[in-house]
Amino acid sequence: MSGMLIVISGPSGTGKGTIYNAVLKIMPDIATSISATTRAPRGNEKDGVEYYFLTNEQFDEMINGDGLLEYAEVFGNKYGTPKKRALDVVEAGGKIMLEIDVRGARQIKSKFGDCVSIFIMPPSLATLEARLRGRATDSEESIVRRLSEAKREIAESKYFDYVVFNDDLGVAVDEVVSIIRSEGLRTFRNGSKIKKILDE
Ligand code: ADP
Ligand code: 5GP
């Protein structure tokens, strides 16, 4: 793998989406991936912008055609990362960042050991609950479900390369940016640059 596949994951409401968008503003050279999903569009969401909105049959066709890098069922809907774009970016030496659930992140890590996986940790379960309530997008039942799922997901944080505690947002964003910059300096990611110098 010559580029970098970055995976941002963690429980629902932990701040993944907020951090993902803030990091992209600071590092605009990082490519993004549009996921496929079977969930219905919300509000102004458009097909091919926020997600590729697919029927269950279309999603299964993508799985059967080996078109997904990973996929998982998240709170009753299927979500998956289209394979071709992500691999094209990485093979061309670029960076691509995914914001996906914990099971999907573990699938990516098992297939691509060189990917950079970052678990966004809430400072406490009480804070996570407050953020889910503050976001005001979920019903009471859905909040209870997300909190119990969060405990299971936090237990899986040990399988990730890094953990970033999202207490102060600015600090958490800085930490993710630092991780990406440091990972870019790993010797194994700079083989071709080093070879060029030796070949002078
Ligand atoms: P996720 O993508 O993990 O489900 P979001 O990015 O939607 O989570 O964040 C959940 C809620 O918490 C949002 O309302 C967001 O504005 C808020 N939030 C995110 N990070 C912080 C933070 N560090 N401090 C306070 N609120 C935060
Ligand atoms: P939402 O429906 O709120 O947009 O997303 C719900 C959850 O699905 C989020 O936790 C998000 O990280 C996850 N998700 C979005 N895209 C993908 C994907 O391609 N693969 C996996 N495994 N999870 C995804």
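**Figure 1. Residues surrounding ligand 1 in the predicted model.** Ligand 1 is surrounded by 13 residues, with Gly13, Gly17, Thr18, Arg135 and Asn166 the closest. Classified by type, this shell comprises two nonpolar, seven polar and four charged residues.

Figure 2. Oxygen atoms of ligand 1 lie 2.7 Å from a backbone N or O atom of Gly13 and 3.0 Å from a backbone N or O atom of Gly15. The side chain of Arg131 places an N or O atom 3.2 Å from a nitrogen atom of ligand 1. The protein buries 71% of the 570 Å² that ligand 1 exposes when taken alone.

**Figure 3. Residues surrounding ligand 2.** Of the 15 residues around ligand 2, those that come nearest are Ser35, Arg39, Tyr51, Tyr79 and Glu99. The shell contains five nonpolar, four polar and six charged residues.

Figure 4. Oxygen atoms of ligand 2 are 2.5 Å from a polar side-chain atom of Tyr79 and 2.6 Å from a polar side-chain atom of Arg39. An N or O atom in the side chain of Thr81 is 3.4 Å from an oxygen atom of ligand 2. Taken alone, ligand 2 exposes 520 Å², of which the protein buries 87%. Ligand 2 sits in the largest pocket, and the elements that give two or more residues to its shell are β5 (68-74) and β6 (77-82).

Key: Residues numbered from 1 in each chain as written. Chains lettered and ligands numbered in written order. Predicted model: local features only at pLDDT ≥ 70, side-chain atom pairs only at ≥ 80, totals over all residues. Heavy atoms only, no water. Near = heavy atom within 4 Å. Polar contact = N/O pair within 3.5 Å; in protein donor to acceptor, adjacent residues only side chain to side chain. Areas by Shrake-Rupley, 256 points an atom, 1.4 Å probe, with all protein chains shown as cover. 1 Å grid on protein atoms, 1.4 Å probe; cavity = no way out; pocket = protein on both sides within 12 Å on 5 of 7 lines; lining within 4 Å. Sits in = over half its atoms within 2 Å of the grid points. Helix = DSSP H or I, 4+ residues; strand = E, 2+ residues; numbered from the N terminus. Nonpolar A, V, L, I, M, F, W, Y, C, P; charged D, E, K, R; others polar.
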